[in-house]
Amino acid sequence: MIENLDLGMVNWARAQFALTAMYHWIFVPLTLGISWIIAFYHTIYVRTGSEEWKRLTRFWMKLFGINFAIGVATGIIMEFEFGTNWSNYSWMVGDIFGAPLAVEGIVAFFIEATFFAVMFFGWNRVSKGFHLFSTWMVAVGSNLSAVWILVANSWMQYPVGQAFNPDTARFEMQNFFEVALSPFAVNKFTHTTSASMMMGALFIISISSWYLLRGRHVIMAKRSIVVAASLGLIASIFTIFNGDESAYQIAQVQPMKLAAVEGLYEGQTNAGLAVFGVINQDKKVYDSQPAFTGFNVHVPGVLSLMANRSFGSFVPGMKDLTYGNAEHNILGAAQKMELGQKAVASLDAYRQAKKAGDAAAAEVQLAAFNENKVHLGYGYLNKADEAVPPVALNFYAFRIMIALGILFPLIFIGYLLFSYRGSLERKKCLLGLGTITYVLGIIASQAGWIVAEVGRQPWAIQDLLPVTVARTNLTAGTVQTTFFMFLVLFTLLLIAEISIMAKQINIGPEEN
């Protein structure tokens with residue numbers, strides 16, 4: 001139990017990190033995805049020697065460079081927030097969380113930054129082969145950076161390869177490879193990078209469609225679209241199948257997130273997947289109100305298949321996971337809180353005994369702590385229903401992501417089909433839709449981030465460390481001030497990026 005907790009500070013700190021992360025996430029997927037597509041363009045130029053492909057490659061490189069620079073600026077600020085707003089988090093898990101971030105900075109970012117200069121300034125200064133190699137290495141470096149950042153994030157979602165040290169009150173690394181190669185980390189990386197490739201393709205299609213509607217740079221636009229749509233289609237299909245695997249893993253290690261995403265309060269056998277519905281905002285996990293108000297559509301059995309790979313299986317709801325379900329042997333947050341409070345008390349008694357030099361008492365308390373340490377994080381919750389994340393936000397964000405994720409491959413197929421037929425320029429409606437697809441991609445990407453991060457609240461580290469413990473002891477006013485400072489700063493950076501991008505797009509590729 002936490003006394004004298006300033007929830008205002010905690011909520012403002014969460015809001016600030018959400019703000020900076022969402023702004024940063026506008027730039028990251030484009031950097032990851034378009035770097036690969038540019039490498040394909042550059043390869044085609046080297047293989048063909050066509051000046052048109054060279055112009056095309058250099059044009060998209062310029063836009064990539066603008067986005068890359070702003071993305072780095074927004075990312076640096078996020079790392080400082082771990083020390084300013086989440087110092088307890090940094091202290092308690094820094095040995096684990098810091099390791100992949102250190103590898104990212106020392107190895108991945110070094111590769112990315114080194115070859116970035118050669119890619120941009122190596123035209124006619126280095127051999128074509130080495131220049132092409134540099135372009136591919138920028139793509140590799142960018143995605144290697146994503147590997148280690150996503151490993152760190154995945155550990156927060158699925159904390160493996162670690163142990164809690166009762167003497168230092170810190171979580172310590174036990175197996176680096178278990179952390180780096182956890183199934184959750186592998187799946188998150190593949191899902192994120194494939195979605196990012198799709199984002200890069202949508203960006204190129206949006207700008208190329210704008211050119212075609214205005215009859216400008218027609219050849220460049222057509223060539224850009226064919227490659228981007230082909231890679232985007234492959235990536236979008238892979239993202240859909242990979243997303244199914246993500247749902248399965250979430251069901252195994254974050255069942256509360258899955259229940260919130262589905263608006264599932266009562267556990268069900270042969271549970272149906274909610275296609276759409278209107279969440280009852282007044283519904284509480286402990287009352288008997290309906291989960292949905294008015295219209296809702298479910299597909300019978302599909303959620304059980306997704307969660308357990310079996311029709312007819314039981315999927316726990318938020319009520320089961322909060323208060324327990326003896327029939328299905330589910331320990332709820334309420335029961336885990338009791339065990340967690342025992343662990344907290346035993347830990348405190350152990351440390352007091354160690355301080356007093358009473359080795360026998362310390363040994364007894366340590367044994368008591370070890371019996372319940374797996375539920376330590378629950379000991380800091382005040383109410384069982386605090387373990388339930390925001391339901392409506394997760395439910396709607398997930399459906400926005402899925403709906404747009406189904407739309408994108410259809411768009412790619414349409415572009416490829418009409419490009420093959422040679423009639424793309426005449427499909428004004430498709431081109432009009434194409435000009436806004438990148439904006440739709442940003443919406444889908446942000447919705448996915450919301451599900452991933454908001455869905456695991458109230459945990460900074462799933463089941464081990466609540467955000468209320470991970471915080472820094474600052475006042476709400478201090479964090480609120482910096483929130484608005486970052487809001488202004490990040491908005492200015494976004495406006496600057498859009499302005500520079502728009503100017504460069506209006507200029508178009510360089511002419512011979």
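Me: In this predicted model, is the crossing in which helix 7 passes helix 13 left-handed or right-handed?

Reply: Residues are numbered from 1 along each chain as its sequence is written, and side-chain values use heavy atoms, with hydrogens and water left out. The model is predicted, and local features need pLDDT of at least 70, side-chain atom pairs count only at pLDDT 80 or more, and totals for chains, interfaces and linings use all residues. A crossing is left-handed if the near helix is turned anticlockwise from the far one by less than a right angle, and right-handed if clockwise. Helix 7 passes helix 13 in a crossing that is left-handed.

Me: How are helix 7 and helix 13 oriented to each other?

Reply: Helices (H or I, at least four residues) and strands (E, at least two) are DSSP runs numbered from the N terminus, and axes are lines fitted to C-alpha atoms, for helices over the stretch in contact, with angles from 0 to 180 degrees between N-to-C directions. The axes of helix 7 (residues 218-253) and helix 13 come within 9 Å and cross at roughly 150°. Angles under 35 degrees count as roughly parallel, over 145 as roughly antiparallel, 65 to 115 as roughly perpendicular and the rest as oblique. Helix 7 and helix 13 are therefore roughly antiparallel.

Me: How many nonpolar residues does the contact of helix 7 with helix 13 have?

Reply: Contact means heavy atoms within 4.5 Å, and in that sense residues of helix 7, including Ile225, Leu233 and Ile240, meet residues of helix 13, among them Pro409, Phe412 and Leu416. By class, the contact of helix 7 with helix 13 has five polar and no charged residues, and its nonpolar residues number ten. Here Ala, Val, Leu, Ile, Met, Phe, Trp, Tyr, Cys and Pro count as nonpolar, Asp, Glu, Lys and Arg as charged, and the others, Gly among them, as polar.

Me: Which orientation do helix 13 and helix 14 have to each other?

Reply: Helix 13 (residues 391-421) and helix 14 (residues 428-435) have axes 11 Å apart and pack at an angle of about 135°. Their crossing is left-handed, and Ile411, Gly414, Tyr415 and Phe418 in helix 13 meet Leu430, Leu431, Leu433 and Gly434 in helix 14. Given that angle, helix 13 and helix 14 are therefore oblique.

Me: Which residue's backbone oxygen lies 2.8 Å from a polar atom of the side chain of Ser142?

Reply: Ser142 lies in helix 4 (residues 128-157) and counts as buried at 3% relative accessibility, where buried means under 20% relative accessible area, exposed over 50% and partly exposed in between (1.4 Å probe, protein chains only). Not counting residues up to four places away in sequence, Ser142 touches Thr31, Leu32, Ser35 and Glu112. The backbone oxygen at 2.8 Å from its side-chain polar atom belongs to Val138.

Me: Is Asn124, with its positive phi, buried or exposed?

Reply: Asn124 is found in the loop between helix 3 (87-121) and helix 4, and its phi is about 65° although it is not a glycine. Most residues other than glycine have a negative phi. At 71% relative accessibility, Asn124 counts as exposed.

Me: What is the omega of the peptide bond that joins Gln457 and Pro458?

Reply: Pro458 has its place in the loop between helix 15 (437-454) and strand 7 (459-461). Most peptide bonds are trans. The bond that joins Gln457 and Pro458 is cis, with an omega of about 15°.

Definitions and conventions:
A polar contact is a pair of N or O atoms within 3.5 Å; within protein, one must be able to donate a hydrogen and the other to accept it, and residues adjacent in sequence count only if both atoms are side-chain atoms.
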